[in-house]
Amino acid sequence: MNSLNLSDAPGGRKIHKTFTPSMGGIAFMLSTFIALGIWGWQYPLPDIRYLLGAIALIFFVGFRDDMVELKAKHKILGQLVAVILVVVVGDIRIRDFHGFLGVGELHLWFSYGFTAFVLLALTNAFNLIDGLDGLASTVGLITLALLGSWFYFQGLDSYAVLCFTLFGGVLSFLVYNWHPAKIFMGDTGSLTLGFALGSLVVAFMDYNAALPAGAPLKFMPSFTMGVVLLIYPLYDMARVFTRRIRRGKHPMIADKSHIHHFLMRMGLRHDQVALILGATQLVLIAAVLGMSELSDNLALPILSGVVLLMGYRLDKVTPKYIKKKVLKSAQEPEKKLAERRKRRKIKLEKSVLEQDKINLN
């Protein structure tokens with residue numbers, strides 16, 4: 001069973017301590033497709049047929065990687081085919097920067113290339129955060145709930161149905177993935193969910209920008225709102241790659257430099273880390289909503305600055321906490337030894353007093 005990577009072994013950089021089934025993504029993705037097959041006839045799902053086909057392709061790429069690990073170039077090639085299906089054939093792409101950095105509507109080929117890069121980055125960034133019980137599921141559920149509600153309100157039923165069926169599948173999976181996890185997503189789940197989320201965010205940015213000024217639930221600043229929906233996996237990937245490159249390591253070499261690793265070193269449990277990062281994501285989304293009067297030229301740098309500052313503080317606080325913990329651990333044996341000596345002294349004194357009483361009698 002383990003020769004086909006059907007379970008995740010503990011040890012090394014892994015946080016879990018027992019063999020755990022690692023292909024939970026099969027369950028929630030199959031349940032999503034079954035639900036779409038049952039209820040989809042009521043909705044205009046042919047509108048997103050290329051997106052659904054691309055998600056299915058990523059599912060098989062992840063499944064193959066879970067069964068027998070694929071080479072990085074083969075995995076990227078499979079992802080690239082799915083990206084072309086969405087961006088070029090399905091025409092789901094970023095068409096406009098809305099004045100960010102002075103750029104408006106994008107040239108067609110630049111739009112294709114930039115959107116393809118964004119989708120590949122989001123897919124693999126989401127895959128990288130799947131290293132903690134319930135974390136990737138929590139981030140995915142928050143984004144799916146917000147996007148599904150927005151698509152439904154705008155009458156984009158096909159996208160809304162996809163969001164809510166995925167939401168139901170991931171929520172059911174989270175029951176078993178919450179700490180202590182009984183099953184993991186594996187690449188089958190994290191790659192497929194990351195790709196689906198990235199595609200849905202790109203679709204949101206496109207449709208949101210096309211709404212007329214003053215339309216209900218037209219979110220501004222448009223470009224920044226798209227970025228903040230998946231800000232945590234994007235920042236975590238950029239942070240990890242930067243740290244590895246600065247240390248002379250290959251950016252794809254796995255280590256324990258992710259944000260969730262740092263929070264775990266501070267003594268937090270898996271579930272606490274997942275809730276903290278999920279809450280942080282919601283706070284940042286609310287902050288961008290509060291900047292609705294600002295342009296992307298102001299809002300995106302402010303958002304980036306806040307996120308970078310939070311990461312900087314985490315990098316400074318974590319080593320101090322670890323030093324205190326190590327110092328406390330080093331002092332603990334001395335304290336225990338002193339307490340044992342004190343107890344022995346008290347016991348000896350009591351023994352002497354009792355002997356003196358016996359002698360007096």
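Author: What follows is a walk through the aromatic rings, pair by pair. The model is a predicted one, and in it the count comes to 12 aromatic pairs. One of these is formed by Phe 59 and Phe 60, whose ring centres lie 5.4 Å apart with 75° between the planes, an edge-to-face arrangement. Because the limit for buried is under 20% relative accessible area and that for exposed is over 50%, Phe 59 counts as buried at 8%, whereas Phe 60, at 54%, counts as exposed.

Another pair is that of Trp 150 and Phe 204, where the centres are 4.9 Å apart and the planes stand at 80°, so that this pair is edge-to-face. Trp 150 belongs to helix H5, which covers residues 135-153, and Phe 204 to helix H7, which covers residues 186-210, so the contact ties together parts that are 54 residues apart in sequence. Both Trp 150 and Phe 204 are buried. These two residues also belong to one aromatic cluster, which they form together with Phe 151, Tyr 159, Tyr 207 and Phe 219.

Beyond the ring pairs, there are also charged side chains to consider. The face of Phe 262 has Arg 239 lying over it, at 4.7 Å from the ring centre, and Arg 265 likewise lies over the face of Phe 262, at 4.9 Å from the ring centre.

Technical notes
Residues are numbered from 1 along each chain as its sequence is written. This is a predicted model: local features need pLDDT of at least 70, side-chain atom pairs count only at pLDDT 80 or more; totals for chains, interfaces and linings use all residues. Side-chain values use heavy atoms; hydrogens and water are left out. Rings of Phe, Tyr and Trp (its six-membered ring) pair if their centres lie within 6.5 Å; planes under 30 degrees apart count as stacked, over 60 as edge-to-face and the rest as tilted. Buried means under 20% relative accessible area, exposed over 50%, partly exposed in between (1.4 Å probe, protein chains only). Helices (H or I, at least four residues) and strands (E, at least two) are DSSP runs, numbered from the N terminus. A charge sits over a ring if NZ of Lys or CZ of Arg is within 6 Å of the ring centre and within 35 degrees of the ring normal.
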